[in-house]
Amino acid sequence: MMKLIRAVMTSLVVLSLIYFVFIQNLAVHSQDQTEVKCGQIIGGTFSKNAQELNYTLAMKSRDSFEVSVEPVGDQLRTVIAIYGPSGLRLGFTNVGSYGYAYVSRDPFITSGILSATGLYKIRVTNAGILDHNDALYTNPVGHVGDFTLHIGCTIDSTKIEPGDDIPPTPTPAPLPTPTPRSAIPARAPGFSGVGFPGLAAVDFSSVAEIPFLLDTVMTGVIPTGNEILGFTLDAAAGDTLDLSYTRRSGNMNLGLVVLSAENEVFFQASLVTSESLSTRFTLPAAGQYTIGVFRISLVEPAAVEPTVFQLKGLLNSTE
């Protein structure tokens, strides 16, 4: 009986030691977070073992991002984990067969196509991460040292590599000088109840003109007034123009027109609440054409918001 008691006591002591060692290998999550942006390369330092550094990245649904860590020297080993806006882990690097992610020298992870818009957390550690509870595990250790964090993104199908310039926030195009004539009348024109309301006259005589860059996304903003934006394009007779329009934000009702050098309407569309439009047509004569975007008064929204749009054109020359 005494031998059985001694055996049980010995087993309890051994289990306690194992549990103590296991607990010592776990580290509490750090709550410090650094905001980062697409295309950024940022430096970091691990000053002790079982340490983690957290970063936040604002992203939209349908986009994606990728993260890699480049250590300084030969000793540092790390793990990267990423979490969605809800806090759930989307993945981590170098997953092993024992229920945790191993440290490695050059970890890399990609988010895949994102389903939600919000803040995503990037967690970099110099210790393993347990699969079942996201705690740190220091066997083996990842050592201390300096590193650089590289963040790349794909936004609206545009690839942003680490170190690339971040696309600037769209800024409003220059506004024309106000004239006595207005693109939108102070009062909507009367409607007899037959057919549908017509469009008010639009004055292009003092429009601020912007050169239209071919095969390039041109961004413009219509504020909440009666402004008109004009984009100029030089073409030869018989050239074919592929033109696309995309609404990015806002709720104003817009129109799109293409005027010839003689101020003749060659193409016109009432976009109203349309999100996008694509068209192709042949330009009849050589000269400078104006692509105009303006506000129209059909189905006015209750609360008008500035509207951001994008134009893109490709000119197929006859030469």
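The stops below go from a sheet to a few charged pairs.

Before you click, note that this is a predicted model, where local features need pLDDT of at least 70, side-chain atom pairs count only at pLDDT 80 or more, and totals for chains, interfaces and linings use all residues. Residues are numbered from 1 along each chain as its sequence is written, and side-chain values use heavy atoms, with hydrogens and water left out.

**Stop 1: the sheet.** Select the open sheet of 5 strands, in the order S2-S4-S10-S6-S7, with mixed pairing. Strands here are DSSP runs (E, at least two residues), numbered from the N terminus, and two of them pair if DSSP finds at least two bridges between them. Which strands stand at the edges? Pick S2 (33-36) and S7 (89-92): each has a single partner strand, so one side of each lacks a neighbour in the sheet. From one strand to the next, the twist averages 25 degrees (axes are lines fitted to C-alpha atoms, and angles run from 0 to 180 degrees between N-to-C directions).

Now zoom in on S6 (residues 79-83), which runs antiparallel to S7 and is joined to it by 3 bridges. Alanine 81 sits opposite phenylalanine 92 of S7.

**Stop 2: arginine 89.** Stay on S7 and show side chains. Arginine 89 and aspartate 134 meet in a salt bridge at 2.3 Å, N to O (the cut-off: a side-chain nitrogen of Lys or Arg within 4 Å of a carboxyl oxygen of Asp or Glu). Aspartate 134 lies in the loop between S11 (128-130) and S12 (136-137), so this pair ties together parts 45 residues apart in sequence. Is aspartate 134 buried or exposed? Buried, at 14% relative accessibility, while arginine 89 is partly exposed at 26%. Buried means under 20% relative accessible area, exposed over 50%, and partly exposed in between (1.4 Å probe, protein chains only).

**Stop 3: lysine 60.** Lysine 60 is in the S4-S5 loop and aspartate 156 in the S13-S14 loop, so the pair links parts 96 residues apart in sequence.

**Stop 4: arginine 105.** Finish with arginine 105 and aspartate 74, a salt bridge with its closest N and O atoms 3.7 Å apart. Arginine 105 is partly exposed at 31%, whereas aspartate 74 counts as exposed at 54%.

Conventions: Helix = DSSP H or I, 4+ residues; strand = E, 2+ residues; numbered from the N terminus.
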